[in-house]
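Hi,

Here is the structure I promised to pass on. Have a look, and my notes follow below.

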Amino acid sequence: MESDRIYDCLVIGGGPAGLTAAIYLGRFLLDVAVIDAGDSRAALIPCTRNHAGFPDGISGVELLGRMRRQAGLYGVEIRQSRATALARHGQAFEVECASGLYRAHAVLLATGVVNRPPPLLDVDEHRKAIAAGLLRYCPICDAYEVTDKAIAVLGSGERGIREAIFLRGYSADVTLAAPEGAPPPSPAEQAEIGRAGIRFIPGCDAVRIAGNAIELGFGSVIERFDTLYPALGSDIRSELAADVGASRSADGCLLVDAHQRTDIEGLYAAGDVVLGLDQISHAMGEGGVAATTIRNDLAARRPLLRPLLQSSAERLS
């Protein structure tokens, strides 16, 4: 623990939500640090073209780099470390990291989610496929880029069907590929798939890159596609909230009010870890709301806000 220092706020997660909040909090003249494990899902984006203000697109890595630099202009510290535990002691929180123990009056969880990748691709192939646009995870973000292409959706059940139907609006050539061992669609689901003009193939047991295409194997049959969308779900990184008893949905999303407060005083959440639209713009909006709420809640908890701000102003001078 660094000299018993207590930050005004610790932001856990260095993605679009966390960094937006950090920029706001720094500009509120608060003492802020971001605990960033360096694995934001946004960093995987080779180029996003639906983020307003970048008509030529921008990579996730570049966008996050710009946001980190902007936060640094206002005294925000970026700590490259992974938070492993969260505890509350009185009116303060303690965050345990590989790099040490940090304390703060407020904590914002912006830990995001992790997409479940096709288990048949190794780590290197997975990275190459994303960079080449052969593997995509967000139809809302980039279905426009695969208009009229041969698209495969790897999934089953309602999640796979919904994603395939969404993509059918961009291409007449959409295939729903069910993983090997997945339960067959019900008669009602089969009818829905047929009405949408989507081809269905069960028993996908291989996924591999083949030049500028991606191949799916179904026993001895090989099918080639321009791009693949896994619809296998995601894992919500909300374990830290469970450490202090914050309420979560059945699938692990943090439950917050309209101002991004959890039901634990002083604990806030924003971005994909909260139930909602998994989009950069949405995460940034929640980050801004959360930061403003944190600033106002801290002011309400402290009778004299001015000494707090004066101390922070001196830190920036």
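In what order do the 4 strands of the open sheet come? The order is E10-E9-E8-E14, with parallel pairing. Before going on: this is a predicted model, where local features need pLDDT of at least 70, side-chain atom pairs count only at pLDDT 80 or more, and totals for chains, interfaces and linings use all residues. Residues are numbered from 1 along each chain as its sequence is written, and side-chain values use heavy atoms, leaving out hydrogens and water.

Helices (H or I, at least four residues) and strands (E, at least two) are DSSP runs numbered from the N terminus, and two strands pair if DSSP finds at least two bridges between them.

(Angles run from 0 to 180 degrees between N-to-C directions, and axes are lines fitted to C-alpha atoms, for helices over the stretch in contact.) E8 (residues 151–154) pairs with E14 over 4 bridges in the parallel sense, and Leu-154 has Pro-230 in E14 as its bridge partner.

Now the helices. H5 lies across E8, E9 (174–179) and E14, at about 165 degrees to E9; contact means heavy atoms within 4.5 Å. H5 (residues 157–168) also packs against H6 (residues 187–195) at about 10 degrees, their axes 10 Å apart. Residues making that contact include Ile-161 and Ile-165 of H5 and Ile-193 of H6.

Cheers
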